[in-house]
Amino acid sequence: MTGQEQDRPQDHPGDRPRGHPRAGLNGGPDDRPGPRPAARPPRTAPRRARTAVVLVIALVGMVAGGCGIAEVVARVLGSQEKIIVAPDDGAQGVRRRERFEVRVADGRLERVEAKRTGGDGQEPVAGRISPDGRSWRPAPGPLDIGTRYTVDAVAVDGEGRRVARHTTFTTTMPPHRFIGFFKPENNATVGTGMIVSLEFNRRIADRAAVERAITVTANPRVEIAAHWFGARRLDFRPREPWRPGTEVTVDLRLRNLKAGPGAYGTQRKTVHFRIGRDQSSVVDVAAHTLTVRRAGRVTERLPVTAGDTDNPTYSGKMVILERHKVTRMDGKTVGFVGEYNIPDVPHAMRLTRSGTFLHGNYWTEPDVFGDDNTSHGCIGLPDTKGGGRDTPAGRVFGQSLIGDIVEVRNSGERTVAPDNGLGGWNMPWQQWRAGTALG
């Protein structure tokens, strides 16, 4: 996904049934992703009691040094949002003249990156942080119509701690018009697992007409097939991952195309992107390892901690969707109330729409990595507070591209649904080709 999407578990047919919440990035419904917010309790404690044990120990003051359980628990119990973004996260139908700003009540903004994604793809939003560091505002002018805005902000609070926030909102679209938000972006260099994906802002009644109006071609030439996931999403991929160096062109001829009663397209756009080097990774949950291969050669074999028995990590092939040097993970939004609220998770790479991440972890005891699985479904790599460039997480982050494949094996969990992120590589080719609307 580009940005934070509001997403329901029932949208993914291969996901766990509804009573199994998942949690993750900054307030979105998620995939039990997040890291546990504190160091691992003694091995003798039952898994389901670990969080309670950690919180009780922290609250009565029985806390040793190290990564600081007390500090993390304080974050868990704190409910005040340190970075405030308007419009609200997940807002839809935002009017063009609504106020758009980022501010902090305490501390100062360190970095704000805002982007808009519309009919022409993704572009940065120009803006400035105020001299006192308390607020950020975009350049004067109204918001674009039919556009998805994303905000990534990092601040230093009054106690000198770095916090991050990631939000999205979508502006209003004229009646009777539809638009396709697409990825990857124009002129991007992506990994060999990239799948071209369009998400429409309204249901498409005449899917065959829309599919005929979109062509995806490659040089060198390769067969590419379309697959619809419901009436609002259309993906394209080849039989096998792309060859490095392939040039891909996406031609959108949707302007004024009728896709149903009173539904007309707005886009006429050609998108080009390039496939970069061949890199993929395998996470062996049972062995607690992540192995990175480039052009078939092993470049890294690193210890990890993955989802625990109650919250196993999805199996199967996933694709890196987003990369964040630092982001926030908050469990309260999806039912993990009081379990974690970590404002500065380093080197975070999203693997599923529902919230599975591969990320750096500085708060867990070092002996957990390579030995035990303790997370809510994410895959954690050793890291330092603030994110170290030469840590295992920092090295993997620096080597990775959006579009790289990360495959999870031996987790005991079901295979990720093909429409959960870019999970289409888990669908057999004939079944994928059967998803066309053209017969």
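Biologist: What makes strand 22 and strand 23 a pair, and in which sense do they run?
Modeller: Two strands pair if DSSP finds at least two bridges between them, and strand 22 (residues 279-284) and strand 23 (residues 289-294) have six, in the antiparallel sense. Strands here are DSSP E runs of at least two residues and helices are H or I runs of at least four, numbered from the N terminus.

A word on the source: this is a predicted model, with residues numbered from 1 along each chain as its sequence is written. Local features need pLDDT of at least 70, side-chain atom pairs count only at pLDDT 80 or more, totals for chains, interfaces and linings use all residues, and side-chain values use heavy atoms, with hydrogens and water left out.

Biologist: Which strand pairs with strand 22 in the parallel sense?
Modeller: That is strand 30 (residues 405-409), over five bridges. S281 stands opposite V406 there.

Biologist: What is the mean pLDDT of the protein?
Modeller: On the scale of the predictor's confidence in each residue, from 0 to 100, the mean is 83, and 79% of the residues reach 70 or more. Over residues 1-80, though, the pLDDT is below 50.

Biologist: Why is the pair of F178 and F200 called edge-to-face?
Modeller: Rings of Phe, Tyr and Trp (its six-membered ring) pair if their centres lie within 6.5 Å; planes under 30 degrees apart are stacked, over 60 edge-to-face, and the rest tilted. The F178 and F200 centres are 6.0 Å apart with planes at 70 degrees, so the pair is edge-to-face. F178 lies in strand 11 and F200 in strand 14, 22 residues apart.

Biologist: Why is F178 called buried?
Modeller: Buried means under 20% relative accessible area, exposed over 50%, and partly exposed in between (1.4 Å probe, protein chains only). F178 has 0%, so F178 is buried, and F200, at 1%, is buried too.

Biologist: What makes F229 and W432 an edge-to-face pair?
Modeller: Their ring centres are 5.9 Å apart and their planes stand at 70 degrees, so edge-to-face applies. The pair links distant parts of the chain, with W432 in helix 5 and F229 in a loop, 203 residues apart.

Biologist: Where does the charged end of R148 sit?
Modeller: A charge sits over a ring if NZ of Lys or CZ of Arg is within 6 Å of the ring centre and within 35 degrees of the ring normal. The charged end of R148 sits over the ring of F181, 4.2 Å from its centre. R207 likewise sits over the ring of W228, at 5.8 Å.

Conventions:
Contact = heavy atoms within 4.5 Å.
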